[in-house]
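Let's take a walk through a protein model together, with an eye on its charged side chains. Have a look at the picture before reading on.

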Amino acid sequence: MMPTFGHSQRLCSVLAAGLMLGALTPGGSGAVRTADPADELASFRLAPGFQANLFASEADGVAKPIQIRFDASGRLWAACSTMYPQPEPGQKPEDRIVVLEDRDGDGRADRSTVFADDLVVPTGLELDTHGVWVGHGTELLFLRDTDGDGRADRREVVLRGFGTGDSHQNLNSFGWSPGGQLFLSQGLHAFSNVETPHGVVRLHEAGFWRFTPAELRLEPFLGRGVAPHNPWGFAWDDWFAPFMFAGNGHGIYYVTPLLVGTDHRHEFQKIFRDGPKYCGADVVGTRHLPEALQGCFIAGGFMNNRLCVFRAEDDGAGFALREETPLLTSTDVSFRPVDVKIGPDGAIYVADWFNPIIGHYQH
């Protein structure tokens, strides 16, 4: 049984995963801190009526989570990469997909299983009834557990030829649409030339894909340097309208007008301004959370260490977003929320990259 929550809503179960130390105090001076998740939890400033707790950490095999998903059994799947931004010469692939279970319903994972552990920077993850879709560099993989032991024993390269110009712009942020198509993103330095049964499909520079697995049909959108230059995260509202969040500061977009397959387009108007960067998003639609949040988007504000809230409003033929008070802010600059999902228990789960350095140009 999943627990219910009364007046004190559970804001998030944090996947704290950190290898780097160091933070800033509220006054801006440097301060050394431990990697103890309790220290990070103490840095959280929560919206009234909410509480936060740790769901899983590196002690449970979760390190540097990139994307999280729930399956039909309520288990949390996390794609993790300690090899990011790239493996060192001769280094054995060691990134993994971890499955976490809370069997006693206390809000803390008590079982951790490694589903696959021979991956290199898996930047996309999505589940279906037969297996797991994974973005893996130039490849779109499908992993399956055929003998029921909880580990992937079948690995299929479904499509290959995706661009890998920059690790954080590889094939990423997978999401099922209400129509059963898999949406995928890529960033500005990715030049993809993918061979499919329907011919070679190209997407040069930033854009997103719509993939229909039953037909192996892959459709590209945007490209040619059109913003946003690093789309990272899709969400659909109650009326199945799609929204896309940008990880490079270009804002938030209403996707339906973008679903035109052409290389010739003008810059499209965003529905929320440039500024902070967002990563991963979900829509609130559960009675476990307050009425004021119903229909709102919650996204990871990894640039400014917070969970952002946006409300969609009608704007003629489209939408405009209004930013609400954040649900969580942190004085710890290592808090980097990169994916957000509403769990089957009604809690808000956050994948925390946990690192004071958010780029990798130092490499």
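Predicted model: local features only at pLDDT ≥ 70, side-chain atom pairs only at ≥ 80, totals over all residues.

Residues are numbered from 1 along each chain as its sequence is written, and side-chain values use heavy atoms, with hydrogens and water left out.

Side chains of opposite charge can pair when their charged atoms come close. The term salt bridge is used here for a side-chain nitrogen of Lys or Arg within 4 Å of a carboxyl oxygen of Asp or Glu. How many salt bridges does a search of the whole structure find? It turns up 14.

Let's start with Arg108 and Asp60, whose side chains meet in a salt bridge at 2.9 Å, N to O. This pair ties together distant parts of the chain, 48 residues apart: Arg108 is in the loop between strands S8 (95-101) and S9 (111-119), and Asp60 is in the loop between strands S5 (50-56) and S6 (65-70). (Strands are DSSP runs of E, at least two residues, numbered from the N terminus.) Are these two buried or exposed, or something in between? Arg108 is partly exposed, with a relative accessible area of 28%, while Asp60, at 17%, counts as buried. The cut-offs are these: buried means under 20% relative accessible area, exposed means over 50%, and partly exposed is in between, using a 1.4 Å probe and protein chains only.

Next up is Asp339, which forms a salt bridge with Arg69, their closest N and O atoms being 3.4 Å apart. Here the partners are 270 residues apart, with Asp339 in strand S27 (residues 337-342) and Arg69 in strand S6. Asp339 is buried at 3%, and Arg69 is buried too, at 9%. There's also a network of salt bridges here, linking Arg69, Glu126, Asp339 and Lys341.

Now stay with S27 for a moment. S27 runs antiparallel to strand S28 (residues 348-352), and 5 bridges join them; two strands pair if DSSP finds at least two bridges between them. One example is Val340, whose bridge partner in S28 is Val350. S27 and S28 form a hairpin with 5 residues between them, and Gly346 in the turn has a positive phi of about 85°.

Terms used: Helix = DSSP H or I, 4+ residues; strand = E, 2+ residues; numbered from the N terminus.
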